Amino acid sequence: MASEHAAGEGKQKQSLMDKAKEFVADKIAHIPKPEATLDGVTFKGLSRESITLHSNVNVSNPYDHRLPICEVTYTLKCAGREVASGTMPDPGWIAASGTTSLEITAKVPYDFLVSLVRDVGRDWDLDYELQVRLTVDLPIVGSFTIPLTTSGEFKLPTLKDLF
């Protein structure tokens, strides 16, 4: 009889604990979180060694205080192959109750572009996929990562565009 009472008490404690976990999880799930959008990749410039491509991540902050950005990592793939990847150094802060734009730049060596010539075709378009992971430090919740992906095609510069 004592063991039945103890078992019943254990179930009651367990269900109370489960209810508490569900309550906290539900509250955290409904906490406003930053949202982000990712622009398409465009040509920015060129040097003797590489071309520079860029995209913007636009992050909106629902809070009335600024939020620290812990990390921004990116991977750029062209024709299904990884062309560039990295981590943005010192990404900074998301403005309070506003939107902050972060520019991601990637340098792609010419020798790699030459290996992609078969994908370029006559129109000098190159298919790409950009994956970005934006990690923000939220109050109470802790680190929160927003995964973003965009894909499309961008035009490589021709000699006519350079001169």
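Student: Which residue in the turn between β8 and β9 has a positive phi?
Tutor: A quick word first: this is a predicted model. The residue is Ile 140, with a phi of about 70 degrees. The turn belongs to a hairpin, in which three residues sit between β8 and β9.

Student: How many bridges pair β8 with β9, and in which sense?
Tutor: The two strands are antiparallel, with 14 bridges between them. β8 covers residues 125–138 and β9 covers residues 142–155.

Student: How many helices and strands does the chain have?
Tutor: Four helices and nine strands. Reading from the N terminus, the order is α-β-β-β-β-β-β-β-α-α-β-β-α. Of the 163 residues, 33% count as buried.

Student: How many cavities of 30 Å³ or more does a search of the whole structure find?
Tutor: One. The space in this largest cavity comes to about 60 Å³. Its lining is made up of Val 41, Leu 53, His 54, Ser 55, Tyr 74, Leu 76, Ile 104, Thr 105, Ala 106 and Leu 130. The elements giving two or more residues to that lining are β3 (50–60), β4 (67–78) and β7 (99–109).

Student: How many residues of each class does the lining of the largest cavity have?
Tutor: Seven are nonpolar and three are polar, while no charged residues take part.

Student: How is a pair of aromatic rings described?
Tutor: By the distance of the centres and the angle of the planes. In this structure, a search of the whole model finds zero aromatic pairs.

Student: Which residue lies over the face of Trp 93?
Tutor: Arg 66, at 3.8 Å from the ring centre. For a charge to count as sitting over a ring, the CZ of Arg must be within 6 Å of the ring centre and within 35 degrees of the ring normal.

Conventions
Residues are numbered from 1 along each chain as its sequence is written. This is a predicted model: local features need pLDDT of at least 70, side-chain atom pairs count only at pLDDT 80 or more; totals for chains, interfaces and linings use all residues. Side-chain values use heavy atoms; hydrogens and water are left out. On a 1 Å grid over the protein atoms alone, a cavity is a set of points where a 1.4 Å probe fits but cannot get out, and a pocket is an open set with protein on both sides within 12 Å along at least five of seven lines; lining residues have an atom within 4 Å of a point. Grid points are joined across faces, edges and corners, and a volume is the space filled by probe spheres set on the points. Ala, Val, Leu, Ile, Met, Phe, Trp, Tyr, Cys and Pro count as nonpolar, Asp, Glu, Lys and Arg as charged, and the others, Gly among them, as polar. Rings of Phe, Tyr and Trp (its six-membered ring) pair if their centres lie within 6.5 Å; planes under 30 degrees apart count as stacked, over 60 as edge-to-face and the rest as tilted. Two strands pair if DSSP finds at least two bridges between them. Buried means under 20% relative accessible area, exposed over 50%, partly exposed in between (1.4 Å probe, protein chains only).
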